[in-house]
Amino acid sequence: MNDAYQYDLKSHDTDTPLDWVCLLAVLGAKYGGDFKNYKQADLVNITDKLLNKESTLEQLTSDMKYYPYYNEAYHAVLGGLVGEYQLSDSDSDSNSDSNKMQYGLKAFSPIAKGFPYTDYDDFGSSRSFGYRRQHLGHDMMGQIGTPIIAVESGYVECLGWNRYGGWRIGIRSFDKKRYYYYAHLRQNFPYSKSLKEGGTVTAGDVIGYMGHTGYSDKENTNNIDIIHLHFGLQLIFDESQKDGNNEIWISCYELARFLSQNRSETVKDESSKEWHRIQNMVDPAVTNYEKSAQKNTADKKKEK
């Protein structure tokens, strides 16, 4: 992922910009989705042809039967992670260079900067509480109270207790294709106080705190031995897939490794005991969503 991302980043302001997800889709079609076969030389060969204008993406993929499938699937997973954003410090001049629009990775690791964690590829491993099932997420082991970060900007779709996930948060991307699930949050103080269902969050915001709640019908119970964040990502192509037999959950191990290069730095407010991000980010996706929501509300009032 990082190799493709670097090509996207370096070519963005040129006359031959490369979409990193399209590059991954070309490789996916070539490898049948198995990136264990990845060779950097294959990516170099593809990008050289595109950058030197020896070929176009359409020409390169004309004989790849499954390229459209991988292109749609990979954009569904990664489509909101790279784009334009604006960073600012609370004490910086609004006209300074640091406040200008930038392009690049605007998604974050779910674990705040400076907080240790361990993880491994555990997707699909067995779980038995309630009933025998597969583990459809990625566990990141750490310390009680570690700030949990919003990976991508979106709106809070779910907030509260679940017998499996304990205190958990569900955040939906604005294009509605991705549902991020953060579970087993801290007992007594699981969430950022500003969080509410229907509210928006910006990638990099502190949304909650690591714990080990869950595996209990009794609310606010620590019944999991190991302190960790369960980080899950569900793809939704149709709303009927949200809750049912056709749910699509993906392995987040490689995604978590990729996002580890961008960890939100936080500071603690001793008066409220809350952690907050140090550097603010303006994400146009949030601005556009909130403007659209305001317009819809105004239109409904007019109809009444």
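This is a predicted model: local features need pLDDT of at least 70, side-chain atom pairs count only at pLDDT 80 or more; totals for chains, interfaces and linings use all residues.
**Cysteines**

I started at Cys22, which is buried, with a relative accessible area of 13%.

Next I looked up Cys252, which is in no disulfide. Its nearest cysteine sulfur belongs to Cys158, and that one sits 17 Å away. A disulfide would need the two sulfur atoms within 2.5 Å, so the 17 Å between Cys252 and Cys158 rules that pair out. Is Cys252 buried or exposed? It counts as buried, because its relative accessibility is 1%. For the disulfide count I got zero.

**Thr47**

I moved on to Thr47 and found it in helix α3, which covers residues 40-51. Thr47 has a relative accessible area of 0%, so I put it down as buried. Which residues does Thr47 touch, once its neighbours within four places in sequence are left aside? I noted Tyr7, Leu18 and Leu23.

**Ile278**

Then I went to Ile278, which lies in the loop between β16 (274-277) and β17 (279-282). Its relative accessibility is 38%, so I filed Ile278 as partly exposed; that class runs between the 20% and 50% cut-offs.

Leu18 came up again here, having been on the contact list of Thr47. I checked how far it is from Ile278: they are 260 residues apart in sequence, and 32 Å apart in space from C-alpha to C-alpha.

**The whole chain**

I stepped back to the overall picture. The secondary structure gave me seven helices and 17 strands. The C-alpha trace spans about 60 × 55 × 50 Å along its principal axes.

Why does the chain fit a compact globule? With 304 residues, such a globule would have a radius of gyration near 19 Å, and the chain has 21 Å, which agrees.

I also looked at burial: 46% of the 304 residues count as buried.

Last entry: charges. I have 35 positive and 42 negative ones in the chain, and their mean positions are 5 Å apart.

Note on methods
Residues are numbered from 1 along each chain as its sequence is written. Side-chain values use heavy atoms; hydrogens and water are left out. Helices (H or I, at least four residues) and strands (E, at least two) are DSSP runs, numbered from the N terminus. Buried means under 20% relative accessible area, exposed over 50%, partly exposed in between (1.4 Å probe, protein chains only). Contact means heavy atoms within 4.5 Å. The radius of gyration is taken over C-alpha atoms; the globule rule is 2.2 Å times the number of residues to the power 0.38. Lys and Arg count as positive and Asp and Glu as negative; His and the chain ends are not counted. The place of a charge is taken as NZ of Lys, CZ of Arg, CG of Asp or CD of Glu.
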